[in-house]
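Reader: I have a structure open and some questions about it. Can we go through it piece by piece?

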Amino acid sequence: MTSRIPAGMRYYIGAEARLRRTVEDVAMSVFQAWNYEEVITPSVDYYDLFEQGMGQREAQRGFRFTDNDGRLLALRPDVTSSVARMAATLLAERPRPLRFCYAAPVFRQQTQSHAEWRRENTQLGCELIGTGGKPADLEVLRLAAEILSRLNLQSHYCITINNVEIFNGVAAHLNLGESAREQLRRLIDTRETAELQRFLKNYDSAEARSFSQPTQLTGKRNVIQAARNTITNTRSLAALESLEELWTEVESLGFENSFEIDLGDVSSLDYYTGLSLKIFVHGAGASVGRGGRYDGLTGSFGRAEPAVGFVLNLDALTEVLGRNIAQER
Amino acid sequence: MITIAIGKGRMQESALALLARAGIRLNDGVNSRRLAMMDETGQYRFIFVKPADVPVYVEHGIADCGIVGRDVLLESEADLLLPLDLGISRCRIVVAAADANAMTNVQGMIRVATKYAQIARAHFGARGIPVEIIQLSGSVELAPALGLADMIVDLVETGVTLRENGLTVVEEIAESTGRLVVNRASYQLKSVEVARLVSVLEAVV
């Protein structure tokens with residue numbers, strides 16, 4: 001018998017386990033107060049499901065094994081794929097919108113030695129399926145904000161919002177091929193200013209300047225105004241418009257100090273189709289949650305409809321809150 | 001307050017000189033042996049760590065920012081933001097060998113000695129050349145002369161060390177300069193402070 005624990009796995013004991021359960025209970029009670037029904041999805045499913053749901057690059061981080069008949073299975077690397085399939089098949093006839101929430105462990109292989117070293121994480125998540133537009137986007141933002149403030153993280157968190165169609169419109173306008181588009185995406189994602197400007201110099205268009213100053217991509221309403229000075233394509237302008245409308249709602253709720261616009265959040269372009277959001281908390285070195293609109297996903301299971309959701313990482317939140325409690329003592 | 005990790009050694013002096021030009025000066029003398037210290041205004045805390053550890057501290061968010069060479073970043077593959085090329089400690093990452101035509105003359109598996117295993121593997125891998133990587137932690141230039149390896153992948157500033165050990169540059173892999181790196185969460189949570197640091201440094205680069 002070995003005394004070792006596999007990399008990226010851990011125990012929670014006593015007070016820490018209790019804290020973790022409290023965090024889970026807080027999130028689930030907020031979801032349920034907003035009429036989100038709990039769903040428990042299979043822990044093991046066909047690998048194809050996740051490849052279809054998350055794209056190959058993410059899905060292949062899953063732990064894989066084979067079924068008796070030789071088909072490839074995976075320990076679920078996400079929950080959303082499974083919920084989307086359920087909505088499109090099992091619940092195809094149910095009246096819309098559907099609201100689902102879950103607290104479930106997901107399993108992903110990680111590059112060793114990186115900050116996100118865990119291979120088992122519990123996701124606290126929700127999906128709002130069958131309704132689109134600003135009210136649905138706003139609903140999930142309000143949910144995320146409410147959970148964080150119920151966890152006493154009020155004024156300790158920042159939620160960044162973006163609309164991925166702004167980048168997509170510019171990339172299409174510049175007529176970028178697949179590899180050039182990926183290069184531009186990567187340079188924006190890592191904010192490599194000098195390399196970005198060198199890359200964009202090849203494109204003789206005002207649009208090329210819209211992403212050339214990474215520091216101007218992050219901020220409040222001013223970010224949208226600055227983007228309008230260079231962007232002319234209708235696809236990006238429509239996305240800017242809807243982002244601005246969402247920001248106006250954020251302001252009218254009095255949330256503008258905890259929210260930020262980040263046009264440079266282009267990390268998951270293949271997955272999201274509109275709103276994308278990331279959640280940061282003081283004391284955590286990486287984002288503790290993410291989400292967005294994924295209108296393309298349920299279509300791949302045969303019933304195309306709008307959908308939006310987000311997940312919070314229970315383990316990362318527990319770690320931050322545990323450290324905060326220790327510091328207060 | 002934001003914490004800045006600086007790699008000790010080669011980069012340290014030029015990084016501190018650059019910061020001083022930007023008006024950010026250490027509270028203690030530069031020659032102090034303390035590993036953590038504040039600047040005069042109390043806005044910045046500096047920690048001095050091994051260069052290879054700078055991406056680790058920044059990726060975990062223990063340091064908000066770091067100053068480190070591109071060579072170290074390429075080797076670590078850490079997930080960081082890279083807003084500024086500081087242009088300091090300019091050098092090249094090269095493949096060097098005793099024989100200038102080594103790439104064509106070596107038969108079969110090439111043995112490569114290096115401190116930069118990731119960079120070497122990626123460089124040869126991208127070209128479909130099978131290599132055996134021999135990981136060393138210093139004095140890499142000795143390896144070909146002693147028969148440990150056919151080639152080396154190493155950092156070159158002037159080329160003097162290479163020449164003195166009878167090696168010539170066969171290929172250049174990348175140029176390396178000091179970079180400002182930023183933790184992804186700090187970039188959002190301390191956006192005002194980080195933007196201020198980026199802009200004062202940008203003005204003196």
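Reader: Which strand does A:Thr218 lie in?
Author: This is a predicted model. In it, A:Thr218 belongs to strand S8 of chain A, which covers residues 218–219.

Reader: Is A:Thr218 buried or exposed?
Author: A:Thr218 counts as buried, because it has 21 C-beta neighbours inside 10 Å and the cut-off for buried is 20 or more.

Reader: What is A:Thr218 in contact with, leaving aside its neighbours within four places in sequence?
Author: The contacts are A:Val223, A:Glu260, A:Asp262, A:Gly264 and, from chain B, B:Ser191.

Reader: And how far is A:Thr160 from A:Thr218?
Author: Their C-alpha atoms are separated by 8.7 Å, and the two residues are 58 residues apart along the chain.

Reader: B:Ser191 is in the other chain. How many residues of chain B are in contact with chain A?
Author: 18 residues of chain B, and they meet 20 residues of chain A. On the chain B side, strand S5 (81–85), helix H8 (184–189) and helix H9 (191–202) each give two or more residues. S5(B) gives the most, with five residues.

Reader: What kinds of residues are on that side of chain B?
Author: Nine are nonpolar, five are polar and four are charged.

Reader: Back to chain A. How many helices and strands does it have?
Author: Chain A has 11 helices and 12 strands. Its radius of gyration is 20 Å, close to the 20 Å that the globule rule gives for 329 residues, so chain A is as compact as a globular protein of that length. The C-alpha trace spans about 65 × 55 × 45 Å along its principal axes.

Reader: What share of chain A is buried?
Author: 42% of its 329 residues count as buried. Also, of the contacts in chain A with a separation of 6 or more, 69% are between residues 24 or more positions apart.

Reader: Which parts of chain A are mostly covered?
Author: Helix H4 (residues 80–88) is one of them, with eight of its nine residues buried. Strand S5 (residues 98–107) of chain A is another, with eight of its 10 residues buried.

Reader: What do the buried residues of H4(A) pack against?
Author: They pack against strand S2 (44–46), helix H2 (47–54), S5, S6 and strand S12 (307–313) of chain A. The buried residues include A:Val83, A:Arg85 and A:Ala87.

Reader: S5(A) turns up in that list. How does S5(A) run against S6(A), parallel or antiparallel?
Author: Antiparallel, with 10 bridges between S5(A) and strand S6 (residues 120–129) of chain A. One of the pairs is A:Ala103 with A:Leu124 in S6(A). Strand S1 (residues 37–38) of chain A runs parallel to S5(A), joined by two bridges. There, A:Glu38 stands opposite A:Cys101.

Reader: Now chain B. What domains does the assignment give?
Author: Domain 1 is 2–89 + 177–202, and domain 2 is 91–175. Their C-alpha centres lie 29 Å apart. The contact between them takes seven residues from domain 1 of chain B and eight from domain 2 of chain B. The domain 1 side divides into one nonpolar, two polar and four charged residues.

Reader: What is the strand order in the open sheet of six strands in chain B?
Author: S2-S3-S1-S4-S11-S5, with mixed pairing. Strand S2 (36–38) and S5 of chain B are at the edges with a single partner strand each, so one side of each has no neighbour in the sheet. Inside the order, S4 (residues 65–69) and S11 (residues 178–182) of chain B are antiparallel and joined by five bridges. B:Val68 faces B:Arg179 in that pair.

Reader: Which helix lies across S1(B)?
Author: Helix H1 (residues 12–21) of chain B, running at about 145 degrees to S1(B). H1(B) also lies across S3, S4 and S11 of chain B.

Reader: And the open sheet of five strands, what is its order?
Author: S8-S7-S9-S6-S10 of chain B, again with mixed pairing. S8(B) and S10(B) are the edge strands. Strand S6 (residues 91–97) of chain B runs antiparallel to S10(B), with seven bridges, and B:Val94 has B:Glu172 as its bridge partner. Helix H5 (residues 117–126) of chain B lies across this sheet's strands S6, S7, S8, S9 and S10, at about 170 degrees to S8(B).

Definitions and conventions:
Residues numbered from 1 in each chain as written. Chains lettered and ligands numbered in written order. Predicted model: local features only at pLDDT ≥ 70, side-chain atom pairs only at ≥ 80, totals over all residues. Contact = placed C-beta atoms within 7 Å. Helix = DSSP H or I, 4+ residues; strand = E, 2+ residues; numbered from the N terminus. Nonpolar A, V, L, I, M, F, W, Y, C, P; charged D, E, K, R; others polar. Rg over C-alpha atoms; globule rule 2.2 N^0.38 Å. Buried ≥ 20, exposed ≤ 12 C-beta atoms within 10 Å, placed from the backbone. Pairing = 2+ DSSP bridges. Axes fitted to C-alpha atoms, helices over the stretch in contact; angles between N-to-C directions. Domains from an automatic or database assignment.
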